[in-house]
Amino acid sequence: MKVLITGGAGYIGSTVASACLDAGITPVIVDSLVTGRREFATDRHFYRGDIADGALLDQIFAEHPDLDVVVHCAALIVVPESVTDPVGYYEANVTKSLQLARHLIRNGRSRLVFSSTGCFYQPGPDGAVDEDSPIVPGSPYARTKAVCEGMFADIAAGTPLRIVSLRYFNPIGADPKLRTGLQAPYPTHALGKLIQAHDSGRPFEITGTDYPTRDGSGIRDYVHVWDLAAAHIAALTAFDDVLRGEEYLPVNVGSGTGTTVRELIAAFDSVVEEPVQTVESPPRPGDVSGCFTRSDRAKRLLNWEPQYTIAEGIADSLRWAAVRDSVLSVAG
Ligand SMILES: NC(=O)c1ccc[n+]([C@@H]2O[C@H](COP(=O)([O-])OP(=O)(O)OC[C@H]3O[C@@H](n4cnc5c(N)ncnc54)[C@H](O)[C@@H]3O)[C@@H](O)[C@H]2O)c1
């Protein structure tokens with residue numbers, strides 16, 4: 001089996017490519033390297049270029065006519081940047097995804113797995129969401145993903161292209177074999193701040209302790225990126241069975257229970273020698289209690305649930321941080 005991965009030199013796409021290799025699937029990568037790293041595509045079929053470039057896509061399909069499925073990870077993903085550059089974000093994430101869809105249909109492709117997000121849901125009172133929860137995007141970035149999903153649902157209804165949207169929450173960790181990981185030194189979410197606090201010896205601030213969660217601190221849905229990659233392998237290898245006759249289907253890929261900030265700290269302390277110091281403070285403007293997803297659909301259709309604990313995800317993030325600079329100096 002052979003799979004085209006757009007954005008396959010980025011954090012998630014490169015991890016999916018590694019998981020493909022381990023599963024005996026050949027990944028072919030197309031990436032502009034706008035944020036991705038050439039090192040992450042070492043020893044893999046690699047095309048440097050843009051997903052909107054029809055001539056490039058035609059060349060890839062001519063050279064790899066046996067590509068069965070396309071995994072579409074390519075996007076810009078920085079929320080504050082999407083607020084200051086909405087035009088750039090709609091162009092990168094929506095316009096280019098539309099052009100990609102056109103190139104796929106023109107080349108007779110019929111299976112697409114789309115990297116979507118769970119960050120656009122409005123959670124219920126218990127913080128839980130599922131695929132039918134209201135979608136209320138809180139940023140231009142989140143809205144580009146929601147617009148893409150609507151666009152893909154329409155395209156699937158009117159063309160032979162069939163689409164599974166995997167909605168990710170907060171990936172942590174790295175490929176357990178440390179072939180790839182996060183390009184940036186620190187994750188942007190609470191784990192990044194925890195690692196920074198630990199490295200600097202400064203206390204970690206728990207912002208908000210009175211939320212309606214099981215321990216009062218905020219809740220998020222962290223999933224090991226290798227588990228996320230496994231969900232892609234499940235979606236790729238059983239694509240037609242997953243869809244069960246549907247043209248378009250969203251699937252949340254999350255933990256089922258979520259992790260509170262206090263639980264994240266406890267997991268962190270279980271894998272480091274010196275526990276991190278903490279201070280408690282009120283929520284900052286714009287802070288929310290957060291959400292997590294029920295994962296019944298992923299369990300039922302992908303036969304998938306996370307295998308890694310949060311502590312293992314944190315440990316792999318730290319192991320990756322220790323080798324990141326040496327991996328990223330392999331190629332320019
Ligand atoms: N990281 C997260 O927390 C998260 C959460 C939910 C969803 N997602 C989605 O997962 C996908 C991958 O995210 P990531 O964290 O790996 O980000 P990333 O920035 O590491 O990877 C994105 C990759 O896409 C490439 N790219 C961007 N635009 C391109 C274009 N027009 N043509 C070719 N390549 C292009 C970049 O160079 C990069 O390698 C994105 O679609 C993102 O929206 C990520």
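This is a predicted model: local features need pLDDT of at least 70, side-chain atom pairs count only at pLDDT 80 or more; totals for chains, interfaces and linings use all residues.
Select the ligand and the 28 residues around it; I12, D31, T35, Y141 and K145 come nearest. Residues are numbered from 1 along each chain as its sequence is written, and side-chain values use heavy atoms, leaving out hydrogens and water.

Next, select I12. One of its backbone N or O atoms lies 2.8 Å from a ligand oxygen. Move to K145: a polar side-chain atom there lies 2.8 Å from an oxygen atom of the ligand. Then pick Q183, where a polar side-chain atom also lies 2.8 Å from a ligand oxygen. Taken alone, the ligand exposes 820 Å², and the protein buries 93% of that (Shrake-Rupley method, 1.4 Å probe).

Now color α1 (11–22), β5 (111–117) and α5 (140–158), the elements that give two or more residues to the shell. The largest share, three residues, comes from β5. Helices here are DSSP runs of H or I with at least four residues, and strands are E runs with at least two, numbered from the N terminus.

Finally, select β12, residues 248–253. Six of its six residues are buried, so the strand is largely enclosed by the rest of the structure. Buried means under 20% relative accessible area (1.4 Å probe, protein chains only). Y248, P250 and N252 point one way; L249, V251 and V253 point the other. Zoom in on S165, whose bridge partner in β12 is P250.

Technical notes. A residue is near a molecule or strand if one of its heavy atoms lies within 4 Å of it. A polar contact is a pair of N or O atoms within 3.5 Å; within protein, one must be able to donate a hydrogen and the other to accept it, and residues adjacent in sequence count only if both atoms are side-chain atoms. Buried means under 20% relative accessible area, exposed over 50%, partly exposed in between (1.4 Å probe, protein chains only). Two strands pair if DSSP finds at least two bridges between them.
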